[in-house]
Amino acid sequence: MPNAPQYLSGNQIRQMFLDFYAKRGHEVLPSASLIPEDPTVLLTIAGMLPFKPIFLGQKTAPYKRATTSQKCIRTNDIENVGRTKRHHTFFEMLGNFSFGDYFKEEAIQWAWELSTEGFGLEPERLIPSVYKDDEEAFAIWRDKIGIPSYRIKRMGEDENFWAAGPTGPCGPCSELYYDFYPELGDQDIDLDDDSRFIEFYNLVFMEFNRDSDGNLTPLQNQNIDTGLGLERMAQILQQVPNNYETDLIFPIIQTAAEIANIDYNKASEEQKVSLKVIGDHARAVVHMIADGITASNLGRGYVLRRLIRRVVRHGRLLGITQQFTPQVAETVISLMEQHYSHLREAETLIKQELKREESRFLETLERGEKVLAEILQKETQQISGEDAFVLYDTYGFPLELTQEVAQEKGLTVDLDGFEREMEKQRQRSQAAQETVDVTVQSSIDKLAQDLNPTEFVGYTDPHSPAKVEAVLVDGKTVNTAEAGDEVQLVLDKTPFYAESGGQIGDRGYLSGDNLLVRIEDVQEESNLYVHFGRVERGTLTVGDTITATIDRACRRRAQAHHTATHLLHAALKQIIDPSVSQAGSLVAFDRLRFDFNCPRAIEPEELQQVEDTINNWIAEAHQTQSAVMPFDEAKAKGAIAMFGEKYDDVVRVIDVPGVSMELCGGTHVNNTAEIGLFKIISETSISSGVRRIEAVAGPAVLEYLNQRDQIVRELSKQFKAQPEEIPQRIQTLQSELKSTQKELEAVKQELALAKSDQLLNEAETVGDFQLLVAKVEDMDAKALQTAADRLRQKLGDAAVVLGTVPAEGKVSLVAAFSPQVNEKGLKAGNFIGDIAKICGGGGGGRPHLAQAGGKDASKLPEALQTAQDQLREQLA
């Protein structure tokens with residue numbers, strides 16, 4: 001029997017892989033952010049994703065070979081996390097890539113060499129697979145590596161042919177499997193038996209292009225894209241039964257177990273599942289927050305929130321009642337900071353976000369417990385699958401806990417119905433993401449394969465001669481464009497700034513012999529600057545030499561707002577919190593917008609201090625300096641880089657000495673005095689832990705003040721008051737309005753009571769109770785509730801249901817039940833909520849008094865009749 005492989009830590013495996021390929025001419029690159037540049041995917045889900053533009057030919061790689069350890073997140077199989085040996089939401093993919101350089105033979109030989117000589121895996125434990133028609137790969141494994149033919153497994157297109165989209169680059173794969181039990185023999189083996197085999201290395205030979213008819217043609221440049229799962233290799237080398245018990249994840253599990261006062265080795269299977277979920281998800285959420293994602297109900301923020309809530313929920317299942325996510329996060333940071341040093345830099349941000357989300361979710365869980373209590377009141381035999389799923393999905397209430405509570409009450413849960421609802425959610429989730437589309441999507445992408453990148457000269461030159469490289473009309477390339485045509489242009493060089501880093505593109509014009517093209521926007525696509533405009537005069541032809549000129553007034557406005565944004569960032573760090581970090585921005589001609597991570601609200605006095613500080617810096621006339629330098633040098637000098645942003649090896653630094661230093665490719669003033677003035681317009685919260693400041697600077701301040709002055713003049717005219725008297729005049733009017741509203745409310749209440757007394761004669765006797773169900777005209781919801789409660793008190797042992805239409809398209813319903821009616825098992829909240837569904841609404845409340853609403857007024861008579869029939873039956 002073969003010997004066991006040598007033990008290596010997760011960090012050692014990662015470093016050995018990168019060093020192995022570095023010695024073979026590969027550029028070692030850092031992991032890209034989990035926020036991808038590719039807009040077609042929500043998160044970075046594959047090691048090759050950062051190289052998609054290179055594989056498409058949209059960008060020219062500055063290197064022929066690269067190697068990375070790429071952090072990835074996938075959530076399409078989230079329910080399997082912790083229950084199988086190898087499912088994860090967060091994982092690291094070790095990869096080596098060739099861009100038109102080496103191909104199959106080198107890729108296979110190096111994969112084998114690394115696996116057997118580097119990691120020390122015994123050859124008799126390794127089994128390669130190839131695509132069924134890939135004779136070249138089969139021959140390399142057999143003749144070059146020396147694997148017997150019967151041990152090379154041919155597999156079909158589903159398993160061993162890679163294509164991320166219906167069209168575009170694609171090719172066959174070859175995979176390496178590790179055999180945990182080679183003593184069972186190598187005849188008729190089944191590689192799908194994951195109790196015996198684990199696939200750990202996948203080699204993709206990107207050699208074809210598939211067109212819309214399904215035809216395959218060889219690519220001009222053949223590429224290599226490989227992936228070796230770090231967690232899987234750790235399981236093999238550390239000889240543990242699953243990925244979770246490797247040194248990459250198990251210390252996190254141990255931290256959670258200690259908090260829960262549980263011994264992992266003695267834990268039940270369900271407890272181990274919860275511990276594994278915490279171990280997996282904790283890695284994901286720490287990296288997501290560090291890369292600039294904040295919890296919300298949309299997009300990436302929703303993924304983050306869902307993962308955090310699953311961590312908290314499984315903590316509750318383990319009996320953890322105190323806040324614990326920051327403690328678990330500390331273990332994650334300690335484990336991974338050696339390779340991901342930015343995690344320690346973002347430690348405060350990570351722990352604050354987790355603490356805030358955990359506190360908020362615990363409140364949600366408490367609400368879920370209350371909702372479950374209401375469901376138990378109305379159900380007598382079984383909790384529906386829909387109700388159980390709403391508890392699970394909306395309130396984060398575990399199905400297991402719902403079952404446990406239901407069992408205590410003698411009820412069951414419709415598990416089939418729950419699974420149907422869960423499957424619907426899975427389908428929605430899988431339809432939303434998880435594939436990398438590498439199809440060529442536009443004419444610009446095709447042009448990028450033939451044209452050189454646009455040269456930008458706009459930092460120093462406001463106008464420049466340029467050659468027209470391409471013209472597009474209606475998205476199609478043309479040779480000429482006439483006056484009146486809306487065009488997109490590509491020039492060989494340009495002074496126009498293309499929208500980037502939050503700053504919008506320049507405006508201006510192109511001119512030539514009897515030619516004028518108005519430019520309204522500029523975007524960068526595939527290293528080409530695309531100028532969007534309209535031919536105002538003459539004919540524009542590919543190959544023409546023209547003069548490109550920016551609108552200097554617009555540029556000055558953008559420069560003022562961009563430098564002011566840097567000053568704002570510096571002031572917030574100085575006055576509010578050093579941990580403040582940028583979460584997004586907009587630099588426009590008329591305003592700036594700055595989104596930033598901040599754990600608390602900002603006081604008005606602090607906001608004024610921020611504004612005053614910035615205006616002081618402007619008045620001090622600081623000279624701005626720009627310099628190009630290596631990224632590491634810029635970081636060493638203290639330049640601020642955005643978390644999650646991808647930077648080149650060489651970066652541009654904007655320095656306002658003694659005030660601000662940031663990595664930035666935008667345009668800026670030469671001296672802060674050029675800004676003139678800075679004025680904050682608003683400060684708001686846009687999501688949990690993220691705030692937004694909108695402001696104006698330079699000429700835009702005068703426009704803002706003129707607009708406000710005009711408003712004040714109009715108010716002075718309307719109120720017949722001096723500007724300084726307006727606040728007091730408004731306060732007086734508000735007091736008068738409030739007093740009038742109180743008087744009106746009192747009259748409405750008196751009218752409601754009078755109308756309710758008239759209804760007493762309509763009550764009927766049902767058994768030992770009085771029953772009154774009626775429609776009331778011209779009564780708002782509050783008055784309706786007052787009337788129903790008064791009628792119940794006057795009737796004694798009674799059930800009262802009233803309905804009204806307070807406005808078009810609205811229905812109000814109220815149920816008031818006496819304690820004796822409650823004893824019959826009737827609860828006002830449950831009862832009126834069900835009745836309101838007839839009118840397309842819902843609601844609820846306390847057992848003795850509850851209110852509901854609806855949208856379909858035409859159904860009110862039916863709803864009231866149903867209420868009367870049900871109450872007659874149940875009270876008799």
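This note walks through the strands, loops, charges and salt bridges of the model.

1. Ground rules. This is a predicted model, where local features need pLDDT of at least 70 and side-chain atom pairs count only at pLDDT 80 or more, while totals for chains, interfaces and linings use all residues. Residues are numbered from 1 along each chain as its sequence is written, and side-chain values use heavy atoms, with hydrogens and water left out.

2. Overall picture. The chain has 25 helices and 35 strands; these are DSSP runs numbered from the N terminus (helices: H or I, at least four residues; strands: E, at least two). Along the principal axes, the C-alpha atoms fill a box of roughly 100 × 80 × 55 Å. Of the 876 residues, 51% are buried. Buried here means under 20% relative accessible area, exposed means over 50%, and partly exposed is in between (1.4 Å probe, protein chains only). The areas themselves come from the Shrake-Rupley method with a 1.4 Å probe, and for residues only the protein chains shown count as cover.

3. Strand β33. Have a look at residues 811–817: seven of the seven are buried, so β33 is largely enclosed by the rest of the structure. In a regular strand the side chains alternate between the two faces of the sheet. Here V811, L813, A815 and F817 point one way, with S812, V814 and A816 pointing the other way, and all are buried.

4. Neighbours of β33. Strands count as paired if DSSP finds at least two bridges between them. β32 (residues 798–804) runs antiparallel to β33, with six bridges joining them, and L802 has V814 as its bridge partner. The two strands make a hairpin with six residues between them, and G809 in the turn has a positive phi of about 80°. β33 also pairs with β35 (residues 849–854), again antiparallel and over six bridges; there V811 stands opposite G854.

5. The β3, β8 and β9 region. β9 (residues 216–229) pairs with β3 (residues 90–99) in the antiparallel sense over five bridges, and I224 in β9 is the bridge partner of S98. Nine bridges join β9 to β8, also antiparallel, with V204 opposite D225. The β8 and β9 hairpin has five residues between the strands, and its G214 takes a positive phi near 90°.

6. Most residues other than glycine have a negative phi, and most peptide bonds are trans. Q239 goes against that with a positive phi of about 55°; it sits in the loop between α6 (230–238) and α7 (250–259) and is exposed at 52% relative accessible area. N261 has a phi near 60°, lies in the loop between α7 and α8 (269–290), and is exposed at 71%.

7. A negative patch. D158, E159, D190, D192, D193 and D194 form a negative surface patch. Patch members have over 30% relative accessible area and no salt bridge, with like charges joined within 9 Å. Asp and Glu count as negative, Lys and Arg as positive, and His and the chain ends are not counted. A charge is placed at CG of Asp, CD of Glu, NZ of Lys or CZ of Arg. D193 is in the loop between β7 (168–179) and β8 (197–210), and is partly exposed with a relative accessible area of 31%.

8. Salt bridges across the sequence. The structure holds 43 salt bridges, each being a side-chain nitrogen of Lys or Arg within 4 Å of a carboxyl oxygen of Asp or Glu. D101 and R65 meet in one of them at 2.4 Å, N to O. D101 is in the loop between β3 and α3 (104–118) and R65 is in β2 (residues 65–73), so the pair ties together parts 36 residues apart in sequence. E79 and R306 form another, with the closest N and O atoms 3.9 Å apart. That pair links distant parts of the chain, 227 residues apart: E79 is in the loop between β2 and β3, and R306 is in helix α9 (residues 299–317). E79 is partly exposed at 22% relative accessible area, whereas R306 is buried at 18%.

9. The side chains of E353 and R356 meet at 2.3 Å, N to O. Both lie in helix α12 (residues 347–378), three residues apart, about one turn of the helix, and both are buried. Salt bridges with shared partners also join E330, E337, R344, E347 and K351 into one network.

Note on methods. Patches are made of residues with over 30% relative accessible area and no salt bridge: like charges are joined within 9 Å, nonpolar side chains (Val, Leu, Ile, Met, Phe, Trp, Tyr) within 5 Å.
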